[in-house]
Amino acid sequence: MTRARLSAVCVGLSTSGCAGVQSIAPSAGAHTSAFNSLFVVFLVVCGFFYLLVIGFLGAAILRRRRQGEDGVPALFRVWVGLVSLSLVGLALASWLTDRAMASYGDKGPPVRIRLTANQWWWDVEYLGANPSEAVRTANEVHLPIGRPTLIELQSNDVIHSFWVPNLAGKQDLIPGRTEDIALLPRKIGVFRGQCAEFCGAQHAHMALTVVVEPEAQFRSWWRQQQAEAPAPRTPEQLAGMTYVTTRECATCHAIAGTTASASVAPDLTHIASRKTIAAGTLPMSRGGLYAWIADPQGVKPGAHMPYIGLEARQLDAVVAYLETLK
Amino acid sequence: MIARDGPELQGAELHDRLTRTWSRKPGLIGWLSTVDHKEVGRRYIVTAFVFFVLAGVLALIMRTQLARPESGLITADRYNQIFTMHGSTMMFLFAVPVMDAVAIYLIPLMVGARNIAFPRLHAFSYYMYLGGGLMLWIAFALNIGPDIGWFAYTPLSGPEYDPGKRADMWAQMITFTEVAALAVSASIIGTIFKQRAPGMRLDRMPLFVWAMLVVSFMVIFAMPAIALASGFLISDRLVGTQFFNPAEGGDPILWQHMFWFFGHPEVYIIFLPATGFVSQITETFSGRSVFGYPYMVLALVATGLLAFGLWVHHMFATGLPRMGYAFYTAASMTVAIPSGVQIFCWIATIWSGRPRFGVPMLYVIGFIITFVIGGLSGVMVASVPLDLQMHDTYFVVAHFHYVLIGGAVFPLLGVVTYWFPKITGRMMSERLGRWAFGIVFASFHLTFMPMHWTGLMGMPRRVYTYPAGMGWDALNFVSTIGAFGIAIAVILFLVNVFTSYWKGELAGPNPWGGTSLEWATTSPPPPYNFAHVPVVESRTPLWDADGGPLPVMTGLRVDERETLLTTLIDAEPDVREASAEPSIWPLLAAIATSILFVGSVFTPWAVVWGAIPVAIALTAWFWPKRSREPGEEPVIA
């Protein structure tokens, strides 16, 4: 079941299979494009030196008849000069690329996000111009294409690392500090990020969905996320809401517009609009919700979501309610 | 009546008397009391290879788990323990100790000494090393193996996020290996500085001796950083200090600075001895002294110094100031210059010599082909913009396995083949050796070459599983096949070792035609190493002698353990020095220290009460012997 399940997570992100949604190629951001150019420069220079070494080694092995150092000391000086010069060149190229990357955050009015890492999920806050625009979600960020996004990075527990390879390199999230990273998306698509610093038992299941979309779509998404949770429409949904807001769930989770307002676990206000459950562990679907709520420790052993032991009727109601939280 | 070696005491009688003086007592107590560097060295080598095999088995389990996506072979918890144990064992219990182990066996022979300096100290070192390794692996067997990575970043390794004793086991194992490594380094530096054969000036030392000299100093400068770090960690966990707790004014990044200030030199502590191996093998199998000897020495020293200026390149993603990063990029790339010099000089030696391609030489060639790839990918990850993508991905896993397996394990396997006849008196099978080399070389590249792509395609390190369809499946499967290939090669190598140990062809003193002093004595060497102290007049003493006897110096006592000390730079005979007798106290001191260390995982009072037996054992160890009567010192002619 696991294999099919994860393939489903992957298909949840992209209709054309998953290869490339978490990769330096295809590049979808200015930083990764710059990385790719610099990488090619390094690859060519390093490849050249490797061929020189292997050529010299091969010649040394095959040349077995004569003896003597003829020309070797001169060659040695040339070699040391060549190595040193190339290293200066590479260091310079690296430094210039780094300077260029540092300027990408200034290219236009930025979207501001505060991302707080937790064992093993991402807390996402969009910081609008005024408090009414603020949005809280989890494990999924939406970014407008062509505009920089500035992300404040914090951690609530251990060191994590923010990494969306298609867009940019890594930045660690360190408890007690606020770090930041700028992104400049240049390609529409759904990408996947993943914690890159070992952070404990479920380090492998700490993914982040990144949706790069046109400005208009991004704005409508943001507006929709600002809304409170819709009211339940059926008795079953109402029962679900009652359970979620008055029982175990509400000790950790928040749902805007209800009495559930805790903030130690992902915000559920628009959970059904997200593409995955439990930081990329399961695809967002009725089956996924059932699996996660019924047996979180089977799906993601060690996660802080406890086993509750809902009766079948309660589970049906809770899932029915959560599915309405678009 | 004082007896000395000299013209009137030669041959069989000299051999008998020296053997009587330098042998240890038979029996278990005698076995445990030995201070003979050859016995301790052999135990060290065998123990290190046992840990190598154990950590290799863990690697196979990990590769099996990762062979396919979402494999349920082992749980996340078990996987995290396994990758921590693999890294910690390979780094702390195999790679560093095995280099020390070979040095313990070879350095006294290569410099023409009767025994290593501070013989009891190096025996103590072995028992401490063994104690640390046993503690870690027993903890792992009891399911309290560390699960925090071999780097143990705080606060994940702190009291809040790793309750229980798992991180303590890791930190205390570090303490054991620190003590062991520092003790060995003191012995090796003492041996190299003061016990060289007369005439072996600094510029005539074999390159392996140079490498170990540099490495021993690196250990002495690097180990205090990790000692402090692991000490802080243990006190955070045990007595509530807050060195790494940001909520109380501590700093988790402090850990990373201290860890990598040790951790990067550590890589060169592993690699530089391997360059010494490569130099020795290349010299012997090319039939000429290594090209560019002074440059090779300078490269060793330069690498040793630069190694301490690179540690921040492990921390590019932590958000330190970018201008500072540029310095560490430049420093990291600079290491490519001494490495480039060494590579050139080895190839130039082959080029201008008459190379023979025995198994040790095959490993040298495999080393060059492999290590240079790792070095070049190292230049890539030295660049900040490149590293920020590659950091903590399988690209880096590929990079450091190219450097550590290609750069250190290949030369090690070569040098085991090379010095096996010296240690056992028998040759290893050439045929099996070639098979093992071919398989390990091909399988290594099959395992780790694909990981460059796996990493660039976005797979992070230290994940116990991964989703299907990310483009990583086939690459991971290939890596797993390669890993089993490496296992087959290692098994073949070990079969070769065991069968050759009993049935190998007899070697004679100098089967490869080497030129350094270890080849001047019998294989295996007698307990006293050399009947007379050899005298050295060039870098290639045995080739100068051309099969004849070496010039020697006589006049050392044969009725007591006595060694010759020479001057530091020119190795002129200086004083004669008594060499320590065998003693059980190093073992008892190691046991007492181990009890203190293990106890302090559970209660700080273990440090107080545990210090008493340690003090007793050390007092007995250093209890003054009857001093020699004055006036019996002769002048060495």
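The lining of the second largest cavity divides into nine nonpolar residues, one polar and two charged, where Ala, Val, Leu, Ile, Met, Phe, Trp, Tyr, Cys and Pro count as nonpolar, Asp, Glu, Lys and Arg as charged, and the others, Gly among them, as polar. Among the residues that line this cavity are Tyr44(B), Met91(B), Phe92(B), Thr177(B), Met223(B) and Glu266(B). Helix 4 (76-110) and helix 6 (166-194) of chain B each supply at least two residues of that lining, and the largest share, five residues, comes from helix 4 of chain B. Helices (H or I, at least four residues) and strands (E, at least two) are DSSP runs, numbered from the N terminus.

This is a predicted model, in which local features need pLDDT of at least 70 and side-chain atom pairs count only at pLDDT 80 or more, while totals for chains, interfaces and linings use all residues. Residues are numbered from 1 along each chain as its sequence is written, chains are lettered from A and ligands numbered from 1 in the order in which they are written, and side-chain values use heavy atoms, with hydrogens and water left out.

The structure holds four cavities of 30 Å³ or more. A cavity is a set of points, on a 1 Å grid over the protein atoms alone, where a 1.4 Å probe fits but cannot get out, and its lining residues have an atom within 4 Å of a point; grid points are joined across faces, edges and corners, and a volume is the space filled by probe spheres set on the points.

| Cavity | Volume |
|---|---|
| Largest | about 140 Å³ |

Of the 19 residues that line the largest cavity, Met205(B), Pro206(B), Leu207(B), Glu283(B) and Arg539(B) lie nearest its centre. Its lining comprises ten nonpolar, six polar and three charged residues, and helix 8 (residues 252-286) of chain B gives the largest share, three residues.

In chain A, an open sheet of three strands has the order 4-10-9 with mixed pairing, two strands being paired if DSSP finds at least two bridges between them. Its edge strands, each pairing on one side only, are strand 4 (140-144) and strand 9 (189-194) of chain A. Strand 4 of chain A runs parallel to strand 10 (residues 207-213) of chain A and is joined to it by five bridges, and Pro144(A) has Glu213(A) in strand 10 of chain A as its bridge partner.

Technical notes
1 Å grid on protein atoms, 1.4 Å probe; cavity = no way out; pocket = protein on both sides within 12 Å on 5 of 7 lines; lining within 4 Å.
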